[in-house]
Amino acid sequence: MAVGNINELPENILLELFIHIPARQLLLRCRPVCSLWRDLIDLVTLWKRKCLQEGFITEDWDQPVADWKIFYFLRSLQRNLLHNPCAEEGFEFWSLDVNGGDEWKVEDLSKDQRKEFPNDQVKKYFVTSYYTCLKSQVVDLKAEGYWEELMDTTRPDIEVKDWFAARPDCGSKYQLCVQLLSSAHAPLGTFQPDPVMIQQKSDAKWREGLM
């Protein structure tokens, strides 16, 4: 049977086609076409199947989801947003705000250090000096795919992790600070846990800082 108009296809066939179209194209290009496409693209079934297709859920998923479309995008955006987090590119993407003592360095993890570090893919690390050393990086959430409506209405959780260790022969102070900035770079919120003080002759083990 010849079809003169794509909308003459059965809705289940259209839905099958939409499942294979990239999600952003669905919303930006396809959804505005007509009311039929809009209604099909808004179906829970479509976004649940796209989640299954991407491996975000399994066939036996039984946890409640308030909005499958939002769930899909949040899972697709779930990744480390920091650029060059493990010093593989030197100090690329980082601003060295305070560079005291012998200054910031990038060093290779020794074989023993790699055994102790929880991720065996990490080969390098940032090293501070005997005086205060601070570095920072600005992450543009919009450029990373978080559009304004998603940030304003859903307000997705932001998880911050960092690994740090002290030398065994000297004490140290570790501090982590995260700021949420407006588009004009005005602080909207500051999150800063208490500093971690590590005494001299410590075990020099890697510790995870969480926020």
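Visitor: Where is phenylalanine 117 found?

Guide: Phenylalanine 117 is found in the loop between H6 and S3, where helices (H or I, at least four residues) and strands (E, at least two) are DSSP runs numbered from the N terminus. The model is a predicted one, in which local features need pLDDT of at least 70 and side-chain atom pairs count only at pLDDT 80 or more, while totals for chains, interfaces and linings use all residues. Residues are numbered from 1 along each chain as its sequence is written, and side-chain values use heavy atoms, with hydrogens and water left out.

Visitor: Why does phenylalanine 117 count as buried?

Guide: Buried means under 20% relative accessible area, exposed means over 50%, and partly exposed lies in between (1.4 Å probe, protein chains only). Phenylalanine 117 has a relative accessibility of 12%, so it counts as buried. Not counting residues up to four places away in sequence, phenylalanine 117 touches Val122, Trp163 and Trp206, a contact being heavy atoms within 4.5 Å.

Visitor: What makes phenylalanine 117 and tryptophan 206 an aromatic pair, and which geometry does that pair have?

Guide: The structure holds 15 aromatic pairs. In the pair of phenylalanine 117 and tryptophan 206, the rings are 4.9 Å apart centre to centre, with 80 degrees between the planes. Rings of Phe, Tyr and Trp (its six-membered ring) pair if their centres lie within 6.5 Å, with planes under 30 degrees apart counting as stacked, over 60 as edge-to-face and the rest as tilted, and the pair is therefore edge-to-face. Tryptophan 206 lies in the loop between strand S9 (196–198) and strand S10 (207–210), so the pair ties together parts that are 89 residues apart in sequence. Both partners, phenylalanine 117 and tryptophan 206, are buried.

Visitor: Which residues form one aromatic cluster?

Guide: That cluster is formed by Trp47, Phe56, Tyr72, Phe73 and Trp147.

Visitor: How do you know that lysine 135 lies over the face of tryptophan 94?

Guide: A charge sits over a ring if NZ of Lys or CZ of Arg is within 6 Å of the ring centre and within 35 degrees of the ring normal. Lysine 135 is at 3.7 Å from the ring centre of tryptophan 94. The charged end of lysine 135 also sits over the ring of phenylalanine 126, 4.4 Å from its centre.

Visitor: What makes H2 oblique to H5?

Guide: Two packed helices are described by the angle between their axes and the distance between the axes. Helix H2 (residues 23–30) and helix H5 (residues 68–76) pack at about 130 degrees, with their axes 11 Å apart. That angle makes H2 oblique to H5, given that angles under 35 degrees count as roughly parallel, over 145 as roughly antiparallel, 65 to 115 as roughly perpendicular and the rest as oblique. Ala23, Arg24 and Leu27 of H2 make the contact with Lys69, Tyr72 and Phe73 of H5.

Visitor: Why is H2 called roughly antiparallel to H4?

Guide: H2 and helix H4 (residues 44–54) pack at an angle of about 150 degrees, their axes being 12 Å apart. The angle makes H2 roughly antiparallel to H4. The residues that meet are Ala23, Leu26 and Leu27 in H2 and Leu46, Trp47 and Lys50 in H4.

Visitor: Why does glutamate 144 count as buried?

Guide: Glutamate 144, in the loop between strand S4 (133–136) and helix H7 (148–154), has a relative accessibility of 17% and so counts as buried. Leaving aside neighbours within four places in sequence, its contacts are Leu77, Arg79, Leu81, His83 and Val139.

Visitor: Is glutamate 103 buried or exposed, or partly exposed?

Guide: Glutamate 103 has a relative accessible area of 40%, and is therefore partly exposed. This residue lies in the loop between strand S1 (95–99) and strand S2 (105–108), and its phi is near 75 degrees, a positive value in a residue other than glycine. Most residues other than glycine have a negative phi.

Visitor: Why are histidine 185 and asparagine 80 called exposed?

Guide: Histidine 185 has a relative accessible area of 52%, so it is exposed, and asparagine 80, with 51%, is exposed as well. Histidine 185 lies in the loop between strand S7 (178–181) and strand S8 (187–191), and has a positive phi of about 65 degrees although it is not a glycine. Asparagine 80 is found in the loop between H5 and S1, and its C-alpha atom is 9.6 Å from that of lysine 161, 81 residues apart along the chain.

Note on methods:
Axes fitted to C-alpha atoms, helices over the stretch in contact; angles between N-to-C directions.
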